[in-house]
Amino acid sequence: MTIIIAGFGGIGKTTLAKKYINVLDLESTPYKYIIADYKKFAPEAVKGKGIIDKKLNPDFPENYIMAIKNNLHKYDYILVWCHPEQALPHLEHAGIDYKLFIPAREALDEYRQRFINRGNSQEYVNRVSSKEGYDKRLPQFKATGKPIVFLQTGETLESYLKNNAEYPPLIPRDAND
């Protein structure tokens, strides 16, 4: 059974998918936007950055939901976008169950540094890691009725999954090489 994880930016979704063969990071950007020469950009280069030549994709979010459904049962984990207003209602409407992972409020300074380190725009860093923004979004996450896993300072999605036996084991990419 595939576990869908709706994860906050910076929790380590992309890193996890790069390291483990049973994990798919289904980044929403190529589904949400039409970006000229998208393939020339590194995946992290388009997240939270002001790319001028992008247009909203009229097929979004249906194309994103279809991509999730098409990958069910191919992976133990599918990692998806967790925006409380733009993403989560679409998952719920499509009948896709998910687990919600966000940082603890106390970890926001660490997340701020993660966003800076990965090259996000200053606007994105300020918006996503501000305590005011967090306090505004937290009730929206709680309103989903889903249990929320709060990742603590120093904790990543990978460390959480490895330390909780109720989750399927992560299979390193080099295990099959």
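This report describes the fold, core, helix faces, open spaces and some single residues of one protein model.

The model is predicted, and local features are given at pLDDT of at least 70, side-chain atom pairs at pLDDT 80 or more, while totals for chains, interfaces and linings use all residues. Residues are numbered from 1 along each chain as its sequence is written, and side-chain values use heavy atoms, with hydrogens and water left out.

## Overall make-up

The protein has 9 helices and 7 strands. These are DSSP runs numbered from the N terminus, with helices being H or I of at least four residues and strands E of at least two. Of the 177 residues, 46% are buried. Buried means under 20% relative accessible area, exposed means over 50%, and partly exposed lies in between, with a 1.4 Å probe and protein chains only. Among contacts with a separation of 6 or more, 72% join residues 24 or more positions apart; a contact means heavy atoms within 4.5 Å.

## The core

The largest nonpolar core holds 47 residues, and those that touch the most other members are Ile68, Tyr77, Val80, Leu100, Phe101 and Leu161. Such a core is a set of buried Ala, Val, Leu, Ile, Met, Phe, Trp, Tyr and Cys residues joined through side-chain atoms within 4.5 Å. Leu161 is in contact with Ile5, Leu16, Tyr77, Tyr167 and Leu170, leaving aside neighbours within four places in sequence.

Helix 6 (108-117) has Leu108, Tyr111, Arg114 and Phe115 as its buried residues. They cover an arc of only 110 degrees around the axis, so they sit on the same side of helix 6. The arc is taken from the directions from the helix axis to the C-beta atoms. Asp109 and Asn117, on the other side of helix 6, are exposed. The cover over the buried residues of helix 6 includes strand 6, helix 7, helix 8 and strand 7. Just after helix 6 comes Gly119, with a positive phi of about 90 degrees.

In helix 7 (residues 122-129), Tyr124, Val125, Val128 and Ser129 are buried. Viewed down the axis, these buried residues fall within an arc of 100 degrees and therefore line one face of helix 7. Helix 6 and helix 8 (131-142) are among the elements that cover them. An α-helix has 3.6 residues a turn, so residues three or four places apart point the same way.

## A pocket and a cavity

Both kinds of space are found on a 1 Å grid over the protein atoms alone: a cavity is a set of points where a 1.4 Å probe fits but cannot get out, a pocket is an open set with protein on both sides within 12 Å along at least five of seven lines, and lining residues have an atom within 4 Å of a point. Grid points are joined across faces, edges and corners, and a volume is the space filled by probe spheres set on the points. In the lining counts, Ala, Val, Leu, Ile, Met, Phe, Trp, Tyr, Cys and Pro are nonpolar, Asp, Glu, Lys and Arg are charged, and the others, Gly among them, are polar.

| Space | Volume | Lining residues by type |
|---|---|---|
| Second largest pocket | About 230 Å³ | 9 nonpolar, 1 polar, 2 charged |
| Largest cavity | About 40 Å³ | 7 nonpolar, 2 polar, no charged |

The lining of the second largest pocket includes Met1, Thr2, Asp97, Lys99, Pro147 and Tyr167. Strand 1 (3-7), strand 6 (99-103) and strand 7 (148-151) each supply at least two residues of this lining.

The structure holds 1 cavity of 30 Å³ or more. The largest cavity is lined by Phe60, Pro61, Tyr64, Ile65, Trp81, Gln86, Ala87, His90 and Leu91. Helix 4 (62-71) and helix 5 (88-93) are the elements that give two or more residues to this lining.

## Single residues

Phe60 and Pro61 are joined by a cis peptide bond, with omega about 10 degrees. Pro61 is placed in the loop between strand 4 (54-56) and helix 4.

His73 is in the loop between helix 4 and strand 5 (77-81). Although not a glycine, His73 has a positive phi of about 70 degrees. His73 is exposed, at a relative accessible area of 70%.

Lys13 belongs to helix 1 (residues 13-19) and counts as buried at 13% relative accessibility. Not counting residues up to four places away in sequence, Lys13 touches Gly7, Phe8, Asp25, Leu79, Val80 and Leu157.

Thr156 is in the loop between strand 7 and helix 9 (157-162), and is partly exposed with a relative accessible area of 24%. Beyond neighbours within four places in sequence, Thr156 is in contact with Ile11, Arg114 and Leu151.
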